[in-house]
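Please find below some notes for a colleague who is meeting this structure for the first time.

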Amino acid sequence: MRTRSAISRSLAALLVAPALALAARAADPAASPPEPGPVVRSISWKGVSALSESELAERIFTQERPWWKRWAELPPFDEPTLEGDMQRIAATYREYAHYRASAEYDLSWDETGHEVAIRIEVDEGPLVKLDDFAIDLSEMPNGEARWKSYLVGKLPLHKGDPFTVANYGGAKRALLLKLANAGFPDAKISGGGEVDLATSTATIAWAVHPGPRVLIGQIHISGEKTVSDEVIRRELTFKPGDVYSDEQIQKSQHQLSDLGLFRSSLIDMVIDDPNAAPPEGEPPGKVTRDMNVRVEERPLHTVRIGLGYGTEDRLRAQLGWTHRNVFGRADSLDVHAKYSSLSDEFQATLREPHVPDPRTTLYLDSRIRDDTLPAYDDLALIGRAYVERPLRLGWSGSVGYGIEWDNVRKVASGIDSQVETFRLGFVELGVRRITTDSLVEPTRGTWLETTVQTASTWLGSEKEYVRWLLDARAFLPVGPTVFGVRGMVASITGYGKTSQSELPVTELFYAGGSANARGYDFQHFGTDTAPGRAIGGSSLLNASGEWRFPIWQELRGVTFVDATQLSQDAWDWEPRHLRVSLGVGVRYATPLGPIRVDLATPLDPPSGVDHVRIWFAIGQAF
């Protein structure tokens with residue numbers, strides 16, 4: 001009985017204890033959940049013209065919920081933080097030469113006193129402009145007149161320019177860089193700028209203290225194991241006895257990196273002891289300093305294994321092997337094989353830098369490719385030799401010769417004459433300029449590329465044609481979003497003994513797929529006279545636009561439009577015949593590039609074309 005009574009009391013205690021705890025918590029205000037603090041409903045601006053509202057919003061801590069995140073909670077509001085933001089706004093304007101700018105705010109609360117609308121009013125004040133500048137070069141060797149045009153002539157300093165922090169700092173850095181490129185890496189600049197708020201003008205007074213002129217001494221190389229000193233010295237654009245130039249140091253470092261032989265490369269100067277006596281025979285006003293070139297080699301061999309899946313080629317696999325220094329001249333050999341449902345290929349490429357001159361690279365490329373495409377089946381043996389060379393203003397160019405044997409086994413168009421075996425011999429010329437911030441997922445910059453290929457009997461070809469393609473892309477960031485546009489124009493025309501109907505089916509243009517005309521199946525866009533069929537054309541016109549925007553963390557969204565025209569005739573571009581596809585998609589960022597899923601629909605599709613097409617791939621469409 002006592003045991004049963006004890007058990008009953010224990011059970012009663014277990015049941016009553018939670019109720020007592022809840023009652024105690026309700027009675028204790030300190031134990032109650034805290035009341036939610038005030039939140040920011042919106043932020044509006046007034047008086048902003050010299051800068052953008054978005055730029056000012058990025059500089060302050062008080063934030064409003066982004067318009068595209070309607071599902072997110074409203075940000076918390078803290079008035080002391082907002083007061084500090086007014087000072088941050090004024091400081092931002094000072095960077096842009098509005099030295100008398102100020103800002104104040106007004107608050108509007110809702111009925112509950114929980115949500116606040118903030119109105120920020122800015123008084124930008126007058127713009128301060130540069131009235132005059134003077135640069136004292138009297139300490140430069142051999143007098144001021146010799147150096148004035150080189151050091152001052154092209155500085156980004158002009159009377160009447162806004163006296164911004166960026167302009168002032170940029171001009172000072174440019175002057176120091178010019179001095180470093182002229183052999184004065186120890187140069188210093190004294191003085192500064194002065195602002196007169198009464199007249200909204202500014203003046204600059206600098207004095208240049210160049211220090212000694214530096215000559216290149218011995219060059220010491222360390223860290224190399226399998227790469228010879230000769231290969232490294234070949235990439236250096238300076239030698240002992242040259243005047244020091246920071247520009248040449250940077251250029252040499254880039255060239256070492258471009259070899260692909262090193263994990264890292266660093267070129268720096270051996271700084272002499274300032275208290276040491278100058279060596280005997282040192283030229284007056286000059287010093288000689290040795291240079292250190294330190295490298296860390298990458299492994300000579302690399303093996304690559306890859307697996308992937310895409311809507312077009314389905315399962316794909318590749319295996320590759322690279323030797324980075326085959327004959328000891330920084331020449332690399334890359335061999336790889338790949339497999340997919342569309343194409344099997346084996347390729348070997350030998351890269352020879354400094355052939356025939358230091359700025360040119362020779363490539364020898366050979367491959368065997370077996371294509372099983374919707375438009376045709378083809379077995380090809382291809383050999384190419386070409387050179388690449390950097391040109392001016394960021395352009396690069398290539399020119400080469402190729403020989404190709406093709407066995408076209410089947411074509412989807414049903415034209416018997418296109419099932420044939422032939423040989424192509426051609427010369428190809430290309431130029432390219434890429435300024436994008438990334439090759440994988442660009443957010444700003446441009447990409448412009450054009451190639452011209454001509455095949456002729458005197459080049460060993462059984463077909464004669466001229467094939468031309470222009471590909472232009474541009475990317476513009478707008479806040480957290482990116483607008484991207486792409487335009488492609490291409491044509492191929494036969495000449496001599498090759499009529500337009502006798503052009504090789506492998507060299508025609510095709511549209512439809514995950515990269516263009518996304519509302520149509522791969523290679524099934526068709527020509528103006530055969531829409532929706534797996535058939536190639538002699539002229540291609542394509543325009544695409546994308547708006548890429550963030551959703552959550554690494555997840556991005558995109559809306560896009562593709563407009564495409566494919567004609568059987570050469571040089572036949574008809575914008576009125578463009579067929580349009582619209583779509584939306586998502587991207588998930590990975591180190592290898594974005595994984596993307598696109599859903600596209602063609603507007604007014606031809607008979608037999610599906611109204612919805614889904615694409616799964618890796619990498620952006622462009």
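1. Two strands are said to pair if DSSP finds at least two bridges between them, and helices (H or I, at least four residues) and strands (E, at least two) are DSSP runs that are numbered from the N terminus. This is a predicted model, in which local features need pLDDT of at least 70 and side-chain atom pairs count only at pLDDT 80 or more, while totals for chains, interfaces and linings use all residues. Residues are numbered from 1 along each chain as its sequence is written, and side-chain values use heavy atoms, with hydrogens and water left out.

2. Strand β14 (residues 361–372) is joined to strand β15 (residues 376–390) by 12 bridges in the antiparallel sense, and the two form a hairpin with three residues between them. Within this pairing, Asp 371 has Asp 378 of β15 as its bridge partner.

3. The strand β15 also pairs with β16 (residues 395–411), again in the antiparallel sense, and here there are 15 bridges. Tyr 386 stands opposite Gly 400 in β16. The hairpin of β15 and β16 has four residues between its strands, and Leu 393 in the turn has a positive phi of about 60 degrees.

4. Elsewhere, three strands make up an open sheet with mixed pairing, in the order β1-β3-β2. Its edge strands, each of which pairs on one side only, are β1 (39–46) and β2 (102–109). Neighbouring strands of the sheet are turned by 20 degrees against each other on average, direction ignored, where axes are lines fitted to C-alpha atoms, for helices over the stretch in contact, and angles run from 0 to 180 degrees between N-to-C directions.

5. Which strand does β2 join through eight bridges? The partner is β3 (residues 115–123), and the two run antiparallel; the bridge partner of Tyr 105 in β3 is Ile 120. Helix α3 (residues 79–95) packs on the sheet and touches β1, β2 and β3, with a direction that makes about 150 degrees with that of β2; contact means heavy atoms within 4.5 Å.

6. Rolling a probe the size of a water molecule over the atoms shows where empty space is left. On a 1 Å grid over the protein atoms alone, a cavity is a set of points where a 1.4 Å probe fits but cannot get out, and a pocket is an open set with protein on both sides within 12 Å along at least five of seven lines, while lining residues have an atom within 4 Å of a point. Grid points are joined across faces, edges and corners, and a volume is the space filled by probe spheres set on the points. By this rule there are two cavities of 30 Å³ or more.

7. The largest cavity has a volume of about 50 Å³, and its lining includes Leu 130, Phe 163 and Ile 204. The second largest cavity, of about 40 Å³, has Glu 297, Arg 298 and Arg 324 among its lining residues.

8. The second largest pocket has a volume of about 610 Å³ and is lined by 19 residues, of which Ser 54, Ala 57, Pro 66, Trp 67 and Pro 480 lie nearest its centre. The elements that give two or more residues to this lining are β1 and α2 (53–59), and α2 supplies the largest share, four residues.
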